[in-house]
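Hi,

Here is the structure I promised to pass on.

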Amino acid sequence: MYFCENAIMKYSDIISALNATYLSGGFHKVTVGNRFCMVDNLDGGPGKTQSDRSKVRFPIKITMSFCIYCRSGKMSLRVQQQDYIVESGQMLVIFAGQIVEKVSVEGPLKVVFVSVDSECIMTQVRSRQRNKLRGLILRSSEPTLLHLDASDAEGFENLCRGLRQILQDVDEEYADGLLSGFTTMFGSLLASWFNDAPQTEKSKAETVLMRFQTDVHNFSSRFKTVSYYAARQRLSSRHFSRLIKEAAGRDPKDIIKEYVVLEAKSLLQSGNYSVREVADMLGFENDSFFNRYFKSAAGVTPGAYSQNN
């Protein structure tokens, strides 16, 4: 999990902070450059003391593929304006570009967090599922929740343990080769699990909502009107709004604004951009309009939000 090269916290530090914030006991962490980080508490570990724990401030925009595997306990997350629960034997795959809004846990949690550069996965996987996996990484507008059977869960845990033990002892010059082998196996497993995941039938309203959410996540920095998104699905604004409200219980204009403000918060919170730069990045013509738009949803101006966070 990682903002950009100039981020205040490196992606490995953010993952460590997530573990330290939400897990009791110790954990292990291994990294390979700025392309891979794995943190787990399957077998305890040195971790960090309470006084050393970093704080994670949400929302966070993910710029690497990020997987959360849960052996026990429950982890609740809000990602891309939707709620997810990850329980024993499940894995949530969050793709680059998606925004995590909040995280909470219940019970003693045993998890593995894996963050890997998306390009590593796409170039290393050689199986017949490569194109499907590549398409998911490049085009997915929402996370994917996978259900692993006992055999797959045990195999994944053993794969992570083995990699962790080797990387802790190996010289840095050999780490790239090990990462290549891991991403080949992990990417192939993901492709297989995606392929086996059950497909559910969606109503027309649900299908329209899913396409709308994808469009908002891709185009809201340029287009913020309901009519634009309705036209992309060849629907009148009135009919489109009725279908979105049927599926989501909310007006489409509110969904658009919520996502734009989430984007703004994640950019401001990174500490890398001024209010003016964020306004430009999100397609606002001037600071005044951006300030009003942001404050109407967040209750404070972008400048005040940035200072407080």
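Below is what turned up on aromatic pairs and on charges over rings.

This is a predicted model, so local features need pLDDT of at least 70 and side-chain atom pairs count only at pLDDT 80 or more, while totals for chains, interfaces and linings use all residues. Residues are numbered from 1 along each chain as its sequence is written, and side-chain values use heavy atoms, with hydrogens and water left out.

The search of the whole structure gave 17 aromatic pairs (rings of Phe, Tyr and Trp, the last by its six-membered ring, with centres within 6.5 Å; planes under 30 degrees apart are stacked, over 60 edge-to-face, the rest tilted). One of them joins F156 and W193: the ring centres are 6.2 Å apart and the planes stand at 75 degrees, so this pair is edge-to-face. Since F156 belongs to helix α4 (residues 150-169) and W193 to helix α5 (residues 175-196), the pair ties together parts 37 residues apart in sequence. Helices here are DSSP runs of H or I with at least four residues, numbered from the N terminus. Both F156 and W193 are buried (under 20% relative accessible area; exposed is over 50%, partly exposed in between, with a 1.4 Å probe and protein chains only). They also belong to one aromatic cluster with F36, Y69, F182 and F186.

F284 and F289 pair edge-to-face too, with centres 5.6 Å apart and planes at 75 degrees. F284 is buried at 4% relative accessible area, whereas F289 is partly exposed at 39%. The charged end of K224 sits over the F284 ring, 4.7 Å from its centre (NZ of Lys or CZ of Arg within 6 Å of the ring centre and within 35 degrees of the ring normal).

Best wishes

Terms used
Helix = DSSP H or I, 4+ residues; strand = E, 2+ residues; numbered from the N terminus.
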